[in-house]
Amino acid sequence: IHFGGSQRKALREAAAQAGLHIKTFVHEPFAAFVGYIKARTDLTLLPNLRRVLVCDWGGGTLDVTLIRVDDRDLFEVSTLGLEGIAGDKFDSLLTDLLVRRFADENHLNPAQLGISPRAWDRLAAQAERAKIRLSTSDHAQVTVEGICRKRGSVLHLDQPATRADFESLIVDYVDRALKSIDDALRVAGINPGALDLVLMIGGTSLIPLIDGEMRSRFGSRVCTVSNAPTVIAEGAAIVAHNDWQPCFANPI
């Protein structure tokens, strides 16, 4: 979402060298809205939608786009992208917490555990699974056998994680993200109460803390999509099929 003209040009050239033709670029939140609407009996919702906020909260970034609907035409009003505030960062925070607790339990210095890259990969994968589990459960257990050695003995990590633990790690990041969303609306001159729909996509948007904070701000206008894994691709395909040429809003 941060790409400028020179970066898009470089991407076109790289695609051409790979034998691919790029018809146009489209911001993922914009494509998601197109896919969302198309899945609902072909634009029949548009008469009731004028201002739509799309929050694509995935693994790497939170991408936010404000869309205006005018007589079945779609316009980007503003857009922003926040890095280091999404799922990958949250996985890292949870992983670090588990390592600190493991080190304290075994009277070790966290910086000198000597965890191998392979063990780190297994721990990171388990932490991600725990994060996902904590969206539907208050508790998750993370177990990694043979994570490191202490005086020749093999140690195993077996640590609990609670939803409260996880939320305490991410709450400041969530607050920062919500403030950025508020700023985006303020810059666009849109009162939050004037939004007709707040579309939430991306796995990170399913975290209960985030879902709850968004609903406390926007109420019943918050909608999570059932076809979230494919909605961006579906929307981009529709844009390409119809030869639409979306105009980018300047990033905030």
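Cys148 counts as buried because its relative accessibility is 6%, where buried means under 20% relative accessible area, with a 1.4 Å probe and protein chains only. The model is a predicted one, in which local features need pLDDT of at least 70 and side-chain atom pairs count only at pLDDT 80 or more, while totals for chains, interfaces and linings use all residues. Residues are numbered from 1 along each chain as its sequence is written, and side-chain values use heavy atoms, leaving out hydrogens and water.

A disulfide is a covalent bond between the sulfur atoms of two cysteines. When a disulfide is taken as a pair of cysteine sulfur atoms within 2.5 Å, the count here is zero. Cys223, for instance, is in no disulfide, since the nearest cysteine sulfur belongs to Cys55 and lies 12 Å away; with 18% relative accessibility, Cys223 also counts as buried.

We can turn next to the nonpolar cores, each a set of buried Ala, Val, Leu, Ile, Met, Phe, Trp, Tyr and Cys residues joined through side-chain atoms within 4.5 Å. In the largest, which has 52 residues, Leu53 and Met214 touch the most other members, and helix H5 (residues 163-187) gives the largest share, nine residues. Helices here are DSSP runs of H or I with at least four residues, strands are runs of E with at least two, and both are numbered from the N terminus. A second, separate core holds 19 residues, among them Phe30 and Val239.

Gln159, in strand E5 (residues 153-162), counts as buried because its relative accessibility is 4%.

Technical notes:
Buried means under 20% relative accessible area, exposed over 50%, partly exposed in between (1.4 Å probe, protein chains only).
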